[in-house]
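Please keep the sequence and the structure in view while reading.

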Amino acid sequence: MTRKIAAGNWKMNGLRASVEEARAIASGADGCTVVICPPATLLVPMSALGVALGGQYCHASTSGAHTGDISAPMLADAGATWCITGHSERRADHGESDADVRAQTEAAWSVGLTAILCLGETLAQREAGETLDVLRSQMDGSLPSGATPDNTVIAYEPVWAIGTGKVATPDQVAEVHDALRARVGPGFSLLYGGSVKAGNAADLFALDNVDGALVGGASLAAADFLPIVKALA
Ligand code: PEP
């Protein structure tokens with residue numbers, strides 16, 4: 001049995017007043033695992049809400065001279081039990097390589113965080129017919145050999161679908177998720193991410209190898225996120 005997971009990536013959004021929105025999400029979160037990944041500043045204020053929390057990134061080292069960074073032990077100390085690794089915005093904006101993502105994923109595991117490891121092709125790579133090759137190479141480079149269904153969830157997030165309103169078609173998602181399933185085997189939860197909304201979630205969740213979603217924009221408000229959670233539960 002794979003876990004059904006609806007994870008919200010709040011990115012660089014949210015002030016302390018947003019804790020009330022997270023409270024509304026937590027109170028309606030039922031029937032599947034719901035994870036909120038807020039900015040690190042909101043982990044402690046959200047830690048008593050009764051919803052699972054995640055970081056959006058962690059450094060590969062546990063501490064040290066890395067101004068502005070955050071470590072996996074700090075996330076765990078603040079109440080996180082999950083951590084996104086390899087998000088395409090980190091790969092693009094911060095030059096994170098597959099090797100970096102692999103090391104960060106191992107750092108997350110070292111303190112008991114479950115990694116949500118993100119993979120995905122750019123539009124140019126899809127148009128060149130390279131999607132499955134790109135994903136194979138990202139899996140080879142960034143998924144550590146100790147991955148298990150308990151410590152790792154894989155999120156397929158086509159870069160061209162993130163924050164664009166262009167959701168991948170069910171056929172496109174099925175092709176990739178079937179390939180990922182063949183690669184990792186049963187048990188691993190496979191999430192789709194990229195412009196998931198209440199209106200398209202049910203079609204995506206109906207696919208055999210889609211076990212949930214990583215949701216950005218539509219996870220910020222309970223009114224948008226809870227219908228997605230309900231479609232999965
Ligand atoms: C994301 O950033 O992980 C994401 C899927 O964003 P959105 O849902 O806004 O496309």
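## Binding site and surroundings

The UniProt record, an unreviewed entry, places the feature "binding site" at Asn-9, Trp-10, Lys-11, Gly-163, Ser-195, Gly-216 and Gly-217. These residues span 209 residues in sequence, yet no two of their C-alpha atoms are more than 14.0 Å apart, so they gather at one spot. UniProt positions are given in the numbering used here, feature names are shortened, and annotations may be inferred rather than shown by experiment.

The model is predicted: local features need pLDDT of at least 70, side-chain atom pairs count only at pLDDT 80 or more, and totals for chains, interfaces and linings use all residues. Residues are numbered from 1 along each chain as its sequence is written.

The ligand is surrounded by 13 residues, and the closest are Ile-162, Gly-163, Gly-193, Gly-216 and Gly-217. Here a residue is near a molecule or strand if its C-beta atom, placed from the backbone, lies within 6 Å of it. The shell around the ligand has five nonpolar, seven polar and one charged residues. In this classification Ala, Val, Leu, Ile, Met, Phe, Trp, Tyr, Cys and Pro count as nonpolar, Asp, Glu, Lys and Arg as charged, and the others, Gly among them, as polar.

A residue is buried if 20 or more other C-beta atoms lie within 10 Å of its own, exposed if 12 or fewer, and partly exposed in between, with C-beta atoms placed from the backbone.

| Residue | C-beta neighbours inside 10 Å | Class |
|---|---|---|
| Asn-9 | 26 neighbours | Asn-9: buried |
| Trp-10 | 21 neighbours | Trp-10: buried |
| Lys-11 | 18 neighbours | Lys-11: partly exposed |
| Ser-195 | 21 neighbours | Ser-195: buried |

Asn-9 is found in strand β1 (residues 5–9). Helices (H or I, at least four residues) and strands (E, at least two) are DSSP runs, numbered from the N terminus. Not counting residues up to four places away in sequence, Asn-9 touches Cys-37, Gln-56, Ile-84, Leu-214, Val-215, Gly-216 and Ser-219. Two residues are in contact if their C-beta atoms, placed from the backbone, lie within 7 Å.

Trp-10 belongs to the loop between β1 and α1 (19–28), and Lys-11 also has its place in the loop between β1 and α1. Phi of Lys-11 is near 50°, a positive value in a residue other than glycine. Ser-195 lies in the loop between β7 (190–193) and α9 (198–205), and its phi is near 60°, again positive in a residue other than glycine.

Helix α7 (residues 131–142) has 12 residues and reaches 16 Å from its first C-alpha to its last, close to the 16 Å expected at 1.5 Å a residue. The expected span is 1.5 Å times one less than the number of residues. Thr-131, Leu-135 and Ser-142 are the buried residues of α7. They cover an arc of only 55° around the axis, which puts them on the same side of α7. The arc is that of the directions from the helix axis to the C-beta atoms. The face turned away from this buried side carries the exposed residues Asp-133 and Asp-140. What covers the buried residues of α7 includes α5, β5 (114–119), α6 (123–127) and α8 (170–184).

Trp-109 lies in helix α5 (residues 98–110). Trp-109 counts as buried because it has 21 C-beta neighbours inside 10 Å.
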